[in-house]
Amino acid sequence: MTRSPQDEFLLNAYLDGELDPIDATHFEERLGADATLSARVEALRALRVALRSDLAEDVPSPEFRRRIMSKVSPVPRVNRNSWLALAASFLVGAVLAGATTFGALNYRAGDDVAAEIVSAHIRALMAPQPIDVASSDHHTVKPWFNGKLAFAPTVVDLGAQDFPLVGGRIDVVKGVPVASLVYSHGKHLISLTEMSDTGGEPEPLERHLEQGYLALSWSEAGVTYWAVSDAASNELENFVALFRAATAGP
Amino acid sequence: MPHLVDAFRLARWIAGSRADAEDIVQEASMRAFKNIRGFSGGNPRAWVLTIVRNTSYSWLTQNRPKVLVLSEDLDQRTRETIEQEDPQTPETALIAKLDAQQVRKAMASLPVPFREVLVLREIHDLDYRTIAEVAALPIGTVMSRLARARSMLAAAILAGPL
């Protein structure tokens, strides 16, 4: 008995469980009466078993998984299976930030730089990745800024103090490109922006509250630093203290 | 990224190599992450696979144009080839030749549009409706491509060395 193309489609649909119960029953009756057809079904079943067991070996390498996780999740190695949740939390954060904007603007009217720094931080969180260069190695991040900025930012490694470097990006503040480093702490990201202000006086630590984010600024050795994060304020202060200790001259 | 293994397997079999699959999945992850707001509920696995599938095609168009064969004429040929096929396919011979290496080689020889539906069906265990959604095909085409893909695969395995 020869098979028509319709038979072949029917046979495949039967095998895939896509026939409705009545058609499936009819087909099974035919199978019982047609040895060629039932041999074909058996062959395709065997083919399926082979495909499923042989091709299931293809899994991404652990190294590749890590690479993807560090790209799509701004917080490497933390919560690696929940970037969806993470992305959602960024959206929620942006909405909350938007809701508090009105009050914050009244509170800090005139503090333009703080607003721009915090906006850059928020925008970075909303982007697919908060960084233009992803690396936990300060020897990679620092040279990346070469040729992109008029000054060389200070990049320190605070991984041992639980503030691992995530990478860096260029922000634009007051129309001038500046260096922003991104550190992580738990689930929080910290943007540390460095701006050259040659000749500027050293300034002590100042606190700014902007759109619900805490920003800390200080100036030393001709560079103004801004650290901004949604981390708890003592954690951000701790980070700034560590950063300043690491950059202080011997 | 959830469904990373699923994403990798689909890209690996559409593109044909692990190295290309890594590039594709990386790009697809970025797209998925960027378009997370475009996900409007429904089946997240199908959503991820759709992005991987589309990324695979655009990536192949750009980097491996020869891998892609125009699928329009393939569907016409599907029907014709099944009609001409020898009804006396040696089924027992096929079963005897099913070993991992043969299967993988035969899979690699299938044109992409056929390999793709077969992978979505057998590796990802999707039903016809979801395959139609992911591959942007009418259900009838999913059905005929699957049937054809299996015939071609069986023929390729039989043609291989014992």
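Visitor: Which residues in α1(A) and α9(B) meet?

Guide: Please bear in mind that this is a predicted model. On the α1(A) side the residues are Glu8(A), Phe9(A), Asn12(A) and Ala13(A), and in α9(B) they meet Met143(B), Ser144(B), Leu146(B), Ala147(B) and Arg150(B). By class, this contact has 5 nonpolar, 2 polar and 2 charged residues.

Visitor: At what angle do the axes of α1 of chain A and α9 of chain B cross?

Guide: Two packed helices are described by the angle and the distance between their axes. Here, the axes of α1 (residues 5-15) of chain A and α9 (residues 139-159) of chain B cross at roughly 95° and come within 9 Å. α1(A) and α9(B) are therefore roughly perpendicular to each other.

Visitor: In what order do the strands of the open sheet in chain A lie?

Guide: Strands of a sheet pair through backbone hydrogen bonds, either parallel or antiparallel. In chain A, 7 strands form an open sheet in the order β1-β2-β3-β4-β7-β6-β5, with antiparallel pairing. β1 (133-134) and β5 (203-210) of chain A stand at the edges with a single partner strand each, so one side of each has no neighbour in the sheet. The partner of β1(A) is β2(A), joined to β1(A) by 2 bridges; one of the bridge pairs is Ala134(A) with Gly167(A).

Visitor: How many residues of chain A are in contact with chain B?

Guide: 36 residues of chain A are in contact with 38 residues of chain B. α3(A) gives the most to the chain A side, with 13 residues. By class, that side has 21 nonpolar, 3 polar and 12 charged residues.

Notes: Residues numbered from 1 in each chain as written. Chains lettered and ligands numbered in written order. Predicted model: local features only at pLDDT ≥ 70, side-chain atom pairs only at ≥ 80, totals over all residues. Axes fitted to C-alpha atoms, helices over the stretch in contact; angles between N-to-C directions. Helix = DSSP H or I, 4+ residues; strand = E, 2+ residues; numbered from the N terminus. Parallel < 35°, antiparallel > 145°, perpendicular 65-115°, else oblique. Contact = placed C-beta atoms within 7 Å. Nonpolar A, V, L, I, M, F, W, Y, C, P; charged D, E, K, R; others polar. Pairing = 2+ DSSP bridges.
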